[in-house]
Amino acid sequence: MERPHAISSHLHSESLQLAPSGTGRSVTLRQAVVRLLRARIVEGGLPPGMLLRETALAQQFGVSATPIREALGTLASEGLVEIEAHRLKRVAPIDMAATGDLIRVQAELWRLGYRWGMSRIGAVQVERIEDAIARYRAALAMSEHMAAIQAGLDFHTVFIVASQNRELLRSTLDRRGLIARFIFLHGIETLSATGLSQHEAILHAFKADDHAAVLACLDRMAARLVALCDNHSFINKD
């Protein structure tokens, strides 16, 4: 039998949403398990390449195997889990070259989201952007790296969601976990006062109605992540 109190206890302490915040919707058991497993994978608690056994995870989280199986399917669609022959499941490894390709593609998609979304940003969205910056600043002060990553992703997501393009949303939001894992495990140095200033520069340019400057700032942020991937790829080859 599933024990909701066990899963809710885990949720309280370590849930990682990595989806647009502030929806106000209740969370189903399957969604709770998805969040918990995503958090463990993104933060390296379930390291790249690790085999995932449904029965062991079910016992750990105090649920049946069904929500675990469903959650692993969801995370496979996000690229965080690989389902191999004979239904073996493992945490997706981090391939730096592939991650560089991912970030290059996502940067172009985010750019489209910004272009299509900026004209639809109103007072409510500006408040969310400002809140994301405030959370980023507070997370840096407390050295809470994952909270800073979440705040940064929430910042960009406001613009992308404003585009109101469902295909764009589907193609970007499902890859937030992969980007967050790369930053957390290999790009902590990007979480800095410089990173904060880049987010602030985007907001300042947007308020000045300088959309070209907004996109230029976004391009610089993306280029920094791509360079980080390329650097790790070069080191790994050596």
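**Notes on the helix 5 and helix 7 packing**

1. Starting with the pair of helices: helix 5 (residues 96-117) packs against helix 7 (residues 145-162) at an angle of about 60 degrees, and their axes lie 6 Å apart. Bear in mind that this is a predicted model. Angles of 65 to 115 degrees would count as roughly perpendicular and those under 35 degrees as roughly parallel, so helix 5 and helix 7 come out as oblique to each other. The crossing of helix 5 past helix 7 is left-handed.

2. Now for who touches whom. Helix 5 brings W110, G113, Y114 and G117 to the contact. Sorted by class, the contact between helix 5 and helix 7 holds 7 nonpolar and 3 polar residues, with no charged ones. On spacing along a helix in general: an α-helix has 3.6 residues a turn, so residues three or four places apart point the same way.

3. A look at the loop next. S119 sits in the loop between helix 5 and helix 6 (123-141). Is S119 buried or exposed? Its relative accessibility is 62%, and the cut-off for exposed is over 50%, so S119 counts as exposed. S119 and S163 are 44 residues apart in sequence, yet their C-alpha atoms are 8.5 Å apart in space.

4. Last, helix 9 (residues 176-186). This helix is mostly covered, with 8 of its 11 residues buried. The buried ones are R176, G177, L178, I179, A180, R181, F182 and I183.

Technical notes: Residues are numbered from 1 along each chain as its sequence is written. This is a predicted model: local features need pLDDT of at least 70, side-chain atom pairs count only at pLDDT 80 or more; totals for chains, interfaces and linings use all residues. Side-chain values use heavy atoms; hydrogens and water are left out. Axes are lines fitted to C-alpha atoms, for helices over the stretch in contact, and angles run from 0 to 180 degrees between N-to-C directions. Helices (H or I, at least four residues) and strands (E, at least two) are DSSP runs, numbered from the N terminus. Angles under 35 degrees count as roughly parallel, over 145 as roughly antiparallel, 65 to 115 as roughly perpendicular and the rest as oblique. A crossing is left-handed if the near helix is turned anticlockwise from the far one by less than a right angle, and right-handed if clockwise. Contact means heavy atoms within 4.5 Å. Ala, Val, Leu, Ile, Met, Phe, Trp, Tyr, Cys and Pro count as nonpolar, Asp, Glu, Lys and Arg as charged, and the others, Gly among them, as polar. Buried means under 20% relative accessible area, exposed over 50%, partly exposed in between (1.4 Å probe, protein chains only).
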